[in-house]
Amino acid sequence: MKFTLLGLTTSYLFLLTMGITSAQSFIKINNQKFIKNNRPYYFIGTNFWYGMNLGAEQSGDRERLIRELDHLKKLGINNLRIMAGSEGPDTEPWRMTPSLQPELGIYNKDLLQGLDYLLDEMRKREMYAVVCLNNFWPWSGGMAQYVNWYENSEIPYPPPAEGGSWSKYQFYTARFYKDKNAIEAFNKHIKKIVGRVNSYTKIAYKDDPTIMAWQLANEPRGILSKKAFNKWIDKTTGLIKSLDKNHLVTVGSEGKTHTTFSGNQVKKNHNSKHVDYMTIHVWAQNWEWFNPEKADETLILSKDKAEKYIEKHIEFAKKLKMPLVLEEFGISRDLNDHSTEAPVSVRDEYYEFIFSKVIELAKAGTPLAGCNFWAWGGEGRPSTPKAIWKNGDDFIGDPPHEYQGWYSVYNTDESTIEVIKTATEKINQVK
């Protein structure tokens, strides 16, 4: 917190009157560990990217948001990775809508207040938010939309677009790092969000301990622009630190990934004094380690590869002297069935393995401090199993460009919920 010659800042005085400073403090780092109230902070959390949209008064569903947060709190989850950036136009396909920035520099006030409301409700439950500001992938607009706004060029959408190519999309999106206009537009977005004052609590975001960290983007990749990518990371994290001295900053990286095509260089990506901790994502199915049709043999392989991937990045984290978070992992329901009632025996086994590994490595004193599973679907349901999301459908854990019901954990998945609850109880005992 900041002090002035006249006394406490307005935000700090408000925090005192709300009686929350003793219960919630800024997450800091000491000796490669997250620290909360002078004690190590370890967590099992989830991805809740659509929380801002649920929190909107007009277009959202605040009653559902309250129920979801209450349910997560009962499970012992106190860390949510959320989006605070989505770009329009809302007529574009396979995107979360309504968007926060439907036109360049024009903001949806209802969603801004939805973000305020989400953070306020999280504060009441002593939850922490990792706030993601951009996206390499098209499901929220993201970097490709910033490029489109200035180039006025057609975005080469990947699947489910007919004839879509993931490689073409990534080459296009990586142009963002060399586009000064696109970068400056994103910088203005950063200043708007980081500099915001919550309309409900009157707490400036930079003074709000509910926010654990600012994250540059979801899964940014360097592709063929590695030098420009690393320069962008350094300058952008530096910008955030110049605006906010209280919060941690991280990149949002998957890590080295399963392929060199991503252009991610873990050491160089984090070689900035402004980056506070590392993140990794592990995608057994997307990276073709796991085949649901051959679950017995490929699940064993997936566990082995996931373990090695985590341990490899622990070594990176040690050299960089940073904490590490596994902030995305998931796996489908049995036989890749997308229906709500499909069994989840493979998922339960995989979740239990990942959680146990995270807890084991945390207890061992490694830099690994927590994980966020992908993703909480809660009481939302697809219009039909394996549907493509469209405006008006329930938000669940699967973003709009993915078949709905793939990785979502529902509030009726009792066995998975028990695995999660057991894991949160165990990690809360790590000291």
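1. Ground rules. Residues are numbered from 1 along each chain as its sequence is written, and side-chain values use heavy atoms, with hydrogens and water left out. The model is predicted, so local features need pLDDT of at least 70 and side-chain atom pairs count only at pLDDT 80 or more, while totals for chains, interfaces and linings use all residues.

2. Helix 7 against helix 8. Helix 7 spans residues 180-194 and helix 8 spans residues 226-243. Their axes come within 10 Å and cross at roughly 25 degrees. That makes helix 7 roughly parallel to helix 8 (angles under 35 degrees count as roughly parallel, over 145 as roughly antiparallel, 65 to 115 as roughly perpendicular and the rest as oblique). The crossing is right-handed. Helix 7 contributes Ile-183, Phe-186, Asn-187, Ile-190, Lys-191 and Val-194 to the contact (heavy atoms within 4.5 Å). Helix 8 contributes Trp-232, Thr-236, Leu-239, Ile-240 and Leu-243. By class, that is eight nonpolar, two polar and one charged residues (Ala, Val, Leu, Ile, Met, Phe, Trp, Tyr, Cys and Pro count as nonpolar, Asp, Glu, Lys and Arg as charged, and the others, Gly among them, as polar).

3. Helix 5 against helix 7. Helix 5 covers residues 142-151. Its axis lies 9 Å from that of helix 7, at an angle of about 125 degrees. Helix 5 is therefore oblique to helix 7. This crossing is right-handed. Tyr-146, Val-147 and Tyr-150 of helix 5 meet Asn-181, Ala-182, Ala-185, Phe-186 and His-189 of helix 7. The contact has six nonpolar, two polar and no charged residues.

4. Aromatic pairs. The structure holds 39 of them (ring centres within 6.5 Å, using the six-membered ring of Trp; planes under 30 degrees apart are stacked, over 60 edge-to-face and the rest tilted). Phe-176 and Tyr-177 have ring centres 5.8 Å apart and planes at 80 degrees, so the pair is edge-to-face. Both residues are buried (under 20% relative accessible area; exposed is over 50%, partly exposed in between, with a 1.4 Å probe and protein chains only).

5. A pair across the chain. Phe-329 and Phe-355 are also edge-to-face, at 5.7 Å centre to centre and 85 degrees between the planes. Phe-329 sits in strand 12 (residues 324-329) and Phe-355 in helix 11 (residues 345-363), 26 residues apart. Phe-329 is buried at 0% relative accessible area. Phe-355 is buried too, at 2%.

6. An aromatic cluster. One cluster includes Phe-48, Trp-49, Tyr-50, Trp-139 and Trp-283.

Definitions and conventions
Axes are lines fitted to C-alpha atoms, for helices over the stretch in contact, and angles run from 0 to 180 degrees between N-to-C directions. Helices (H or I, at least four residues) and strands (E, at least two) are DSSP runs, numbered from the N terminus. A crossing is left-handed if the near helix is turned anticlockwise from the far one by less than a right angle, and right-handed if clockwise.
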